[in-house]
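Me: Can you walk me through some helix packing here? Start with how you define things, please.

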Amino acid sequence: MSYTPLRRRLAATATAVALGATALTACGSGSSGDDSAAGSGPVSLSYWAWAPGMDKVAALWNAKHPDIKVTVHKQASGDDLVTKIITAAKAGQAPDLVQAEYQALPTLVSNDTLADISKEVGGVKDKFAPGVWQQTTLGTDAVYAVPQDSGPMMFYYRADLFQQYGLSVPATWDEFAQAARALKEKAPDKALTTFSANDSGLFAGLAQQAGAKWWTVEGDKWKVAIDDPATRKVADFWGDLVAEGAIDNQPMYTPAWNKALNTGKQLAWVSAVWAPGTLTTAAPDTKGKWAMAPLPQWSEGERVTGSWGGSTTAVTADSKHKAAAAEFATWLNTDPEALAALVKESGIYPAATAAQTSGALAKAPDFFSNQPDFYARAAEIAQTTAPAAWGPNVNVAYAAFKDRFGTAAKAKSGFDAALAGMQDATVADLKKQGFEVAP
């Protein structure tokens with residue numbers, strides 16, 4: 001097994017970015033393979049994906065491309081898939097394509113698992129919001145995946161109850177805090193929202209909106225800045241609201257949380273574009289009573305949002321048909337027919353901007369039939385997505401968040417210490433893996 005620093009891997013793209021070495025780096029057993037263009041002969045591609053209905057979308061491609069057949073193999077999502085793909089790559093048995101979450105890309109790249117497809121996807125960049133596209137490049141000239149779906153964050157609120165309690169939709173986080181306090185004065189048994197520590201992606205997206213870049217590189221070293229001024233601002237803001245009792249401190253996705261949404265005990269939810277699906281299940285009695293607005297801003301007049309969720313289509317280093325695989329990845333995420341099928345069959349919010357207000361997304365979600373311009377507004381918000389900076393051990397940082405912030409939320413104190421602990425755990429893990437870490 002040859003341990004290949006990610007720096008050497010990215011050096012081939014003629015960039016100055018170096019991302020360190022990892023003790024988990026995969027063997028160099030993947031075949032560089034046949035990069036010949038599509039159409040040179042029959043090609044069979046395997047695609048590991050978890051989104052539902054992906055086989056039906058691939059069938060559209062297969063019907064029109066008899067020389068390139070794509071077979072979808074349903075997989076688990078999240079860390080399970082990351083571990084599985086790295087293990088398969090070490091054995092030289094990775095699929096041609098894999099559905100990978102944005103935050104998983106650095107881990108996969110540092111393990112020499114993904115191919116740089118920048119030459120094969122030229123001209124695709126402008127089809128996506130800059131902040132979304134940036135996540136597939138890791139800040140380099142390389143391209144490690146094509147964006148598939150995205151999760152721009154938004155503010156959801158009960159329009160009827162806001163009117164009942166004389167609340168204004170907050171344009172800034174200061175106004176958000178004022179609304180939370182005003183509601184408590186008028187209805188002590190209700191809360192504007194809750195701080196939840198059981199989904200790390202929400203906190204990461206809020207930090208992203210505030211300008212945080214949790215992982216960056218300095219020369220050959222990773223720099224971890226989870227406990228930075230931007231994230232501290234976010235942690236202090238929510239910690240103060242929890243400490244004074246202005247908002248709740250209970251986790252999301254529980255029966256109690258569902259009941260709070262469904263009965264109007266919780267009036268608002270900071271979430272992402274996929275929220276209507278969750279609300280449909282969690283709060284079925286409130287259909288038509290919610291509205292969506294842009295995320296509150298840290299400074300008046302700003303227009304920036306964070307991202308919570310989303311995935312990409314990546315070509316693996318093991319693929320013997322990288323050009324054909326990249327052609328499919330491009331089609332899947334930019335072709336109008338493919339995008340319409342992804343919305344219909346997989347229920348995703350496409351990352352391609354042209355698809356965000358057309359086809360299946362031309363009409364508002366049924367749960368938001370009272371807001372017919374839902375997707376038009378969502379598309380405008382999506383364009384303001386801030387760039388994110390992910391590292392090779394996001395899973396460790398996320399686990400540390402759940403542990404430490406879960407304790408802090410329950411105690412209604414200690415948010416600063418929780419953030420410092422999250423930083424320390426992430427740095428310690430990087431060093432344990434063999435990465436060099438900048439101070």
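Reply: Axes are lines fitted to C-alpha atoms, for helices over the stretch in contact, with angles running from 0 to 180 degrees between N-to-C directions. Helices (H or I, at least four residues) and strands (E, at least two) are DSSP runs numbered from the N terminus. The model is predicted, so local features need pLDDT of at least 70 and side-chain atom pairs 80 or more, while totals for chains, interfaces and linings use all residues. Residues are numbered from 1 along each chain as its sequence is written, and side-chain values use heavy atoms, without hydrogens and water.

Me: OK, at what angle do H2 and H13 cross?
Reply: The axes of H2 (residues 54–64) and H13 (residues 336–346) cross at roughly 155 degrees and come within 8 Å. That makes H2 roughly antiparallel to H13 (over 145 degrees).

Me: Which residues in H2 meet H13?
Reply: Met54, Lys56, Val57, Leu60 and Lys64 in H2 meet residues of H13 including Ala338, Ala341 and Leu342, where contact means heavy atoms within 4.5 Å.

Me: Switching to H10, which residues are buried?
Reply: In H10 (residues 255–263), Trp257, Ala260 and Leu261 are buried (under 20% relative accessible area, with exposed over 50% and partly exposed in between, using a 1.4 Å probe and protein chains only). Seen down the axis of H10, its buried residues fall within an arc of 95 degrees, so they line one face of the helix; the arc is that of the directions from the helix axis to the C-beta atoms.

Me: What do they pack against?
Reply: The buried residues of H10 pack against strands S4 (146–158), S7 (268–272) and S8 (290–294), and against helix H11 (275–282).

Me: And which residues are on the face turned away?
Reply: That face of H10 carries the exposed residues Pro255, Ala256 and Lys259.

How values were computed. Parallel < 35°, antiparallel > 145°, perpendicular 65-115°, else oblique.
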